[in-house]
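Subject: Structure for you to look at

Hello,

Please find the structure below. My notes on its aromatic rings follow it.

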Amino acid sequence: MLRNIKLEIKKIASPVLIAMGVLTVLNSVLSCTLYRDYTVYFDIDAWEIGTEFLGLVFPLFVTVPVCWELYYERRNHFLVYTLPRMDKRHYLGSKWCACALAAFLLMFIPYFISAVFALYVKSPAVILFPEDYYGHIFNDLYTQTPLLYALLLSLWKGLLGVITMTFGFVLALYGKNIFVILTAPFIYVILENFIWSVMGLPMYRFVTAFEPSSLSIEAIHAGSFIAGPLLMCGVIVLIALYYSKLKKRAVYEV
């Protein structure tokens, strides 16, 4: 299976590396520049300010460079050609593993490298040490070991990137419209964000799990990290059941 995963990685390597490079450069530049217009208390603040824009648009970066390839393999009937040579589940499992690894790295590397830039490379900033209590999610970790905080949060964002990519992957298994396949996870995150906000429960948004500092520390609790990802997993399962059981649509047909 490892050999098949390597082959699948090669198929999507070029767009993934390009997207990863663009995101890494963009995050690093913004982390080293945007903070100048803000009041910062710690160097890691510059990282949060510089990467804030990615909180809503990240679904596009983990689906567009990754999920297009599965759709085109269905469309040009390449999947059918694999049937005599490889078990269907084995082939699709290898493909998902390759896509999951790509989605994880697409989030982890740009976030973590830009944190390193914000902490150690950017020009010295005028740091204002707060005289009063400074409240932040995981406050001790954030203020005393910011690199570890950035590492753990980058790993977490990578895992959420895998879940989001799986949304697009399932759509690519059954869908017929490439635009819907590549943009549905992004539209879902926007709508889910809007609905929870209208209901007065923004702490359960997927975006809150992805970027916990988007709300005040008083509004964040353990459920804030679980609700959004669990809801998206439930939606993914429902989509798979809808296409496979109700629509009776086969993966190896377009």
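The model is predicted: local features need pLDDT of at least 70, side-chain atom pairs count only at pLDDT 80 or more, and totals for chains, interfaces and linings use all residues. Residues are numbered from 1 along each chain as its sequence is written, and side-chain values use heavy atoms, with hydrogens and water left out.

Rings of Phe, Tyr and Trp (its six-membered ring) pair if their centres lie within 6.5 Å; planes under 30 degrees apart are stacked, over 60 edge-to-face, and the rest tilted. That rule gives 15 aromatic pairs. One of them joins Tyr-111 and Phe-210: the ring centres are 5.9 Å apart and the planes are at 70 degrees, so this pair is edge-to-face. Tyr-111 lies in helix α5 (residues 88-121) and Phe-210 in helix α9 (residues 206-210), 99 residues apart, so the pair links distant parts of the chain. Helices here are DSSP runs (H or I, at least four residues), numbered from the N terminus.

Tyr-142 and Tyr-149 form another edge-to-face pair, because their planes are at 90 degrees, with centres 4.9 Å apart. Both of these tyrosines are buried.

Ring pairs also link Trp-47, Phe-58, Tyr-111, Phe-206 and Phe-210 into a cluster.

The charged end of Lys-157 sits over the ring of Tyr-111, 4.6 Å from its centre, and over the ring of Phe-210, 4.1 Å from its centre. For this, NZ of Lys or CZ of Arg must be within 6 Å of the ring centre and within 35 degrees of the ring normal.

Regards

Technical notes: Helices (H or I, at least four residues) and strands (E, at least two) are DSSP runs, numbered from the N terminus. Buried means under 20% relative accessible area, exposed over 50%, partly exposed in between (1.4 Å probe, protein chains only).
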